[in-house]
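Open the model in your viewer and keep the selection panel at hand. The tour goes stop by stop.

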Amino acid sequence: MSDTGTLTEALRGAASRFGDAAAFVDAGGWPIGFAELDRVTDELAAGLAARGIGEGSVAALLLGSTVDYAVAYLALAKVGAVTAGVNPRFTADEQRRCLEVVQPDVVLAAEAMGGATLGTSAGAQVLVVPRATSVDDLFAGMRVPGGTPPALASDVDRPVAIVLTSGTTGRPKGAVFTDRQLAAVVEIDTGGAWGGGGPMLAGTELAHVGFMTKLPWYLRKGHTLHLLDKWRAAEVLRIVESSGMAVVGGVAPQIALLLALPDFDEHDLRAVQALIIGGGPSSPALVEEARRRFGAAYSIRYSSTESGGVGTGTAFDAEDEEALHTVGRPRAGIDLAIRDEAGKDLPPGEIGEVCLRSGAVMDRYWRDPEATAATLVDGWLRTGDLGYVDDAGRLRLAGRRKEMYIRGGYNVYPMEVEAVLATHPRVANVAVTPRPDPVMGEIGVAVVVPRDAGDPPTLEELRTFARERQSAH
């Protein structure tokens, strides 16, 4: 265990070091400082304890990406409860499935989201949370002015967060993280250092792994995190420009939307030094355009919910082969292996399942020992992704295990085909999916987005281009 400490200790240390500097700026435009954040979460923790919420309690947050969410998460950690965030963009049925998995004792539900009904149907105590418009409004009526939470014994293996993998299809799973895993994320992302942060953007919902496991390092670095009610390209670009943001994080479609703004090139983005993009692959065309028009480095990050949101990454100064066609190398403190179905390590160049090992990998799935045993094997996380390590030690993804199709007896990995077609100068994006074929069994179908809708590449042009670079699929 490193000296990075618990989530609560990260907040205490940030309050002491950064004082009145803004920890968060709400979408409504008002800030809360680090010292205020510590005080308010103490008062809410005291109020939660008075309601019987404490160590071992399970809480679900049906809140938007607001300061309210961050305060609730931190206050619950101070009383020893475990917090599960439920994505507010999910439908009511999807949220209900999430609550069925979590089985919360208490639901903190936004007044405007109808979460109270869902919480009651789950048999949980429901605390309705009006949207705050200032620090004074935060959890008004629930906080104990000047209060502090009961003393809590130090236990780095106490569950802190449940990050739900999905609610869109089937039954979601909840990845459990204790303070031990959160401290490992801090170590991987910062080396345990304090300070040096600046303005950043919450590019995903706060229920996402990108916030739930990384909040301790946001606090330790002294970042000011700008929150969004809804991700809108024009508003994001305004915040990036006005705040002098040096590092912009997010997912590839968000960068594409920013670049598509008609007035993008009129903004002063000289402060931006790097783009850190995860959540899925970035096409070579997007990486090239983003580097050129932002005038910044572009790092592709590969990870998963279960890995704690950390995995591999391309170097900021990577040559084009790495930057455009791989997801880089394992970050410090992370081990990578490619294995066959029997769990045997495969040599460079051979496609198999991507497996990761680090202190940040989830502790387990919530109340699902069978799925845990299938996913965590001898300390390694089976990601379900397919890929291979090239001769330079870089990870190249080939798709998901379930996405592979068999054409004429040969395995075909959609991402390998996509990687070739995406380098065509007139292709902006591409997706490959299989369909049944009476002769070959399955064949791939490519859906192509042209760079110029008025002058798309022809089918024969794409076939010729791909044929010169890849065997027939």
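How close do the axes of helix α1 and helix α3 come, and at what angle do they cross? Select residues 7–18 for α1 and 67–78 for α3: the axes come within 9 Å and cross at roughly 115°. Axes are lines fitted to C-alpha atoms, for helices over the stretch in contact, and angles run from 0 to 180 degrees between N-to-C directions. α1 is therefore roughly perpendicular to α3 (65 to 115 degrees; under 35 is roughly parallel, over 145 roughly antiparallel, the rest oblique). The crossing is left-handed (near helix turned anticlockwise from the far one by less than a right angle; clockwise is right-handed).

Before moving on, two notes on the source. This is a predicted model, where local features need pLDDT of at least 70 and side-chain atom pairs count only at pLDDT 80 or more, while totals for chains, interfaces and linings use all residues. Residues are numbered from 1 along each chain as its sequence is written, and side-chain values use heavy atoms, with hydrogens and water left out.

Now show side chains. Leu7, Thr8, Leu11 and Arg12 of α1 meet Tyr73, Leu74, Ala77 and Lys78 of α3; contact means heavy atoms within 4.5 Å. By class, that contact of α1 with α3 has 5 nonpolar, 1 polar and 2 charged residues.

On α2, the contact residues include Leu37, Val40, Leu44 and Leu48; on α3, they include Val71, Ala75 and Leu76. The contact of α2 with α3 divides into 10 nonpolar, 1 polar and 3 charged residues.

Next, the sheet. Select its 7 strands in the order β6-β5-β3-β4-β7-β8-β18: the sheet is open, with mixed pairing. Two strands pair if DSSP finds at least two bridges between them. At the edges sit β6 (125–129) and β18 (364–365), each pairing on one side only. α3 packs on this sheet, touching β3 (58–62), β4 (82–85), β5 (106–110), β6 and β7, and its direction makes about 175° with that of β3.

Zoom to β7 (159–164) and β8 (174–178). They pair in the antiparallel sense over 5 bridges. Leu164 stands opposite Gly174 in β8.

Last stop: Arg469, in the segment after α15 (459–467). Draw a distance to Pro414: the C-alpha atoms are separated by 15 Å, with the residues 55 apart along the chain.

Methods. Helix = DSSP H or I, 4+ residues; strand = E, 2+ residues; numbered from the N terminus. Nonpolar A, V, L, I, M, F, W, Y, C, P; charged D, E, K, R; others polar.
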